[in-house]
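I opened this model to look up how its parts are packed and paired, and I kept notes as I went.

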Amino acid sequence: MIVRILGEGQLEIPDSAVDELNELDRALEQAVEGNNEAAFGPALAALLAKLREVGSPARADDLRPSELIIPQPDATIAEVRKMLTDGGLIPG
Amino acid sequence: MVAPMGVMKRVTMVFRAKANKALDRLEDPRETLDYSYQTQLELLQKVRRGVADVATSRKRLELQVNQLNQQATKLDRQARDSLAAGREDLAREALTRKAQVQTQLDGLQTQYVSLQGEEEKLTQASQRLQAKVDAFRTRKETIKATYTAAEAQTRINEAFTGISEEMSDVGMAIQRAEDKTAQMQARASAIGELMDSGALEDMVSGPRDDIQDELDRMRAGGGVDRELEQMKREIAQSAPRQIEGTSPNGASAEASAEPVIEAEPEIEQADAREPE
């Protein structure tokens, strides 16, 4: 399936990696929901590291939308919360 | 409270919602393909301009950082000059200011390097968007030629959502880069103002006068003292002869004329040296 890292483009991810990614994503979500700054950074970094480890760049001319989208590597917890609550970070 | 589904899924839904809103505005999908493509080309132009603007701001920031570096170097030189002039208090003041400026500058330079990285990513993102828009152009011709309106709908939705996602991503990245650039410019200006106003002095117990003013005054004062000394020496040398020449006994008219003529050019030379 296709996963997008914001600011970096899309990756092709083998389905076999999805469970592990979901596990890491749950940790990230807990940090965001609990507004836990200390846990947020490492959780985001761990998820990104796993994505990069298992993924390979998708073709730039691939028109398929991503099944999953992950915030940019230097995202703050406040940015992610804003993105999730009102989509206010998406211009246009 | 949203049921747990992971951050990635939720972010994706936000992007999809935006694409769907735009899709809803399209009526017969086949007829609007060309219109959609035109809009994409316009957005692509906007993205390119955005990337170029970030590059311009980044270059302006580079100039600002360079100027601040020069000012830090100047403070270093002022410290040396102060020390050479025996003013350790002034030298300490200059070095204290330099240390404060340097800390700010180091932070700014780290940010600058990360901004360069972001600019590179933006360029790549704009190239990916270009590739997708090109792919969309090809796809829309295929769709128009091959599918019925009903079949076309699904294909168009997918391509459209894919493009929309890429547009949103690059748009957000440009916004972040612009924000970061603006913050850094404000920071650079603040450091510059601090150095110009001498407000940093308030943080240390030191002379209130600006270091350069003080050095200039000392230098100017030294110059006046030197010139005064030189003038005194010249006057001392020519004085006996002048007294001789102007002596009321008028013993020798020839002897009295010469030293006066001799003395005048020397005074002029001393005048000429003044601006040194």
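Entry 1, packing around one residue. I began with I13(A) and listed what it touches: leaving aside residues up to four places away in sequence, I find M1(A), V3(A), L21(A), L51(A), V54(A) and G55(A). I note here that I am working from a predicted model.

I then looked up a second, separate core, which has 23 residues and includes Y37(B), L122(B), L129(B) and I156(B). Going back to the largest nonpolar core, I count 31 residues, of which I13(A), F40(A), L51(A), I70(A) and M8(B) touch the most other members.

I turned to the contacts between the chains and found 35 residues of chain B in contact with 40 residues of chain A. The size of an interface is often given as the accessible area lost when the parts come together. For chain B and chain A I have a buried area of about 3300 Å², and carbon and sulfur atoms give 62% of it. I also looked up the polar side of the interface, where the count is 20 residue pairs in polar contact, with both residues at pLDDT 80 or more. On the side of chain B that touches chain A, helix 1 (7–24), helix 3 (88–146) and helix 4 (149–197) of chain B each supply at least two residues. Helix 4 of chain B gives the most to that side, with 13 residues. Sorted by class, the side of chain B that touches chain A holds 14 nonpolar, 6 polar and 15 charged residues.

Entry 4, salt bridges between the chains. Side chains of opposite charge can pair when their charged atoms come close. My search of the whole structure gives 29 salt bridges over all chains, and across the interface of chain B and chain A the rule finds 7. With which residues of chain B does R4(A) form a salt bridge? One partner is E165(B), with the closest N and O atoms 2.5 Å apart, and another is E166(B), at 2.9 Å from N to O. The pair of R4(A) and E166(B) crosses between chains, from strand 1 of chain A to helix 4 of chain B. Are these two residues buried or exposed? I find that R4(A) is buried, and that E166(B) is buried as well.

D61(A) counts as partly exposed because its relative accessibility is 30%, whereas R59(A), at 60%, counts as exposed. In chain B, E119(B) forms a salt bridge with R58(B), and their closest N and O atoms are 2.6 Å apart. Because E119(B) lies in helix 3 of chain B and R58(B) in helix 2 (residues 29–84) of chain B, the pair ties together parts that are 61 residues apart in sequence. Both E119(B) and R58(B) are buried. Last, I followed the salt bridges that share partners, and these join R4(A), R128(B), K132(B), E165(B), E166(B) and D169(B) into one network.

Note on methods
Residues are numbered from 1 along each chain as its sequence is written. Chains are lettered from A and ligands numbered from 1 in the order in which they are written. This is a predicted model: local features need pLDDT of at least 70, side-chain atom pairs count only at pLDDT 80 or more; totals for chains, interfaces and linings use all residues. Side-chain values use heavy atoms; hydrogens and water are left out. Contact means heavy atoms within 4.5 Å. Buried area is the accessible area (1.4 Å probe) that two parts lose on being put together, summed over both. A salt bridge is a side-chain nitrogen of Lys or Arg within 4 Å of a carboxyl oxygen of Asp or Glu. A polar contact is a pair of N or O atoms within 3.5 Å; within protein, one must be able to donate a hydrogen and the other to accept it, and residues adjacent in sequence count only if both atoms are side-chain atoms. Helices (H or I, at least four residues) and strands (E, at least two) are DSSP runs, numbered from the N terminus. Ala, Val, Leu, Ile, Met, Phe, Trp, Tyr, Cys and Pro count as nonpolar, Asp, Glu, Lys and Arg as charged, and the others, Gly among them, as polar. A nonpolar core is a set of buried Ala, Val, Leu, Ile, Met, Phe, Trp, Tyr and Cys residues joined through side-chain atoms within 4.5 Å. Buried means under 20% relative accessible area, exposed over 50%, partly exposed in between (1.4 Å probe, protein chains only).
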